[in-house]
Amino acid sequence: EAHNQAMLLVERIREAQGRWPETIALALWGTDNMKREGAPLSQALALMGAEPAFDAYGRLAGARLIPLEELGRPRIDVVITASGVFRDLLPLQVKLLAEPLDQNAVRRHALAQAEKLGCSLEEAALRVFSNDDGAYGANVNLTVEDGSWGEGDELANVFVRRKGFGYDRNGRPAA
């Protein structure tokens, strides 16, 4: 069902824009994923052209990349903001493959970002962002309630300071 929902979203965007979407941003919440048996995470995987892989006990054990021929469309670059609970309970890993750049927006965008910023491909490929280890919440609502902001950019800066930690394949955060 998650795959079908992801495809409905992709088709709706394709009809509206006349082309496949390259990037979709998602917010993943731990409690929502637990209540819906991982459906939001499965949607993120489906958009990237992957599917959950399970171990012999039926537990999530990673992801299987669907070959482009089987997928029938380009891979979509999914950028994820994860809640602290999601970060703690449901880690997500994304691996880039040597696929044609016109069919893999994740790889294309990461290579362009690495060149633009002069950083490693692995750093440029970070797609899961959350709080630093042990921290929870964006605190934007507290800033609004306190009235301790003047310009809209100040709220954005609070969000980025709190949620601007990219998680690598080993689950380690970096600002």
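Mentor: A term first: buried means under 20% relative accessible area, exposed over 50%, and partly exposed in between, with a 1.4 Å probe and protein chains only. This is a predicted model, where local features need pLDDT of at least 70, side-chain atom pairs count only at pLDDT 80 or more, and totals for chains, interfaces and linings use all residues. Residues are numbered from 1 along each chain as its sequence is written, and side-chain values use heavy atoms, leaving out hydrogens and water.
Trainee: Okay, so where does Leu111 sit?
Mentor: Leu111 is in helix 6, residues 105–117; helices are DSSP runs of H or I, at least four residues, numbered from the N terminus. Leu111 is partly exposed, at 32% relative accessible area.
Trainee: And what is Leu111 in contact with, leaving aside neighbours within four places in sequence?
Mentor: Leu101 and Leu121, where contact means heavy atoms within 4.5 Å.
Trainee: Switching to helix 9, which residues are buried there?
Mentor: Leu155, Val158 and Lys163 are. They cover an arc of only 105° around the axis, so they lie on the same side of helix 9; the arc is that of the directions from the helix axis to the C-beta atoms.
Trainee: What's exposed on the face turned away from that buried side?
Mentor: That face of helix 9 carries Asp153, Val160 and Arg161.
Trainee: Last one: which ring does the charged end of Arg14 sit over?
Mentor: The ring of Trp20, 4.0 Å from its centre. The rule asks for CZ of Arg or NZ of Lys within 6 Å of the ring centre and within 35 degrees of the ring normal.

Methods:
Helices (H or I, at least four residues) and strands (E, at least two) are DSSP runs, numbered from the N terminus.
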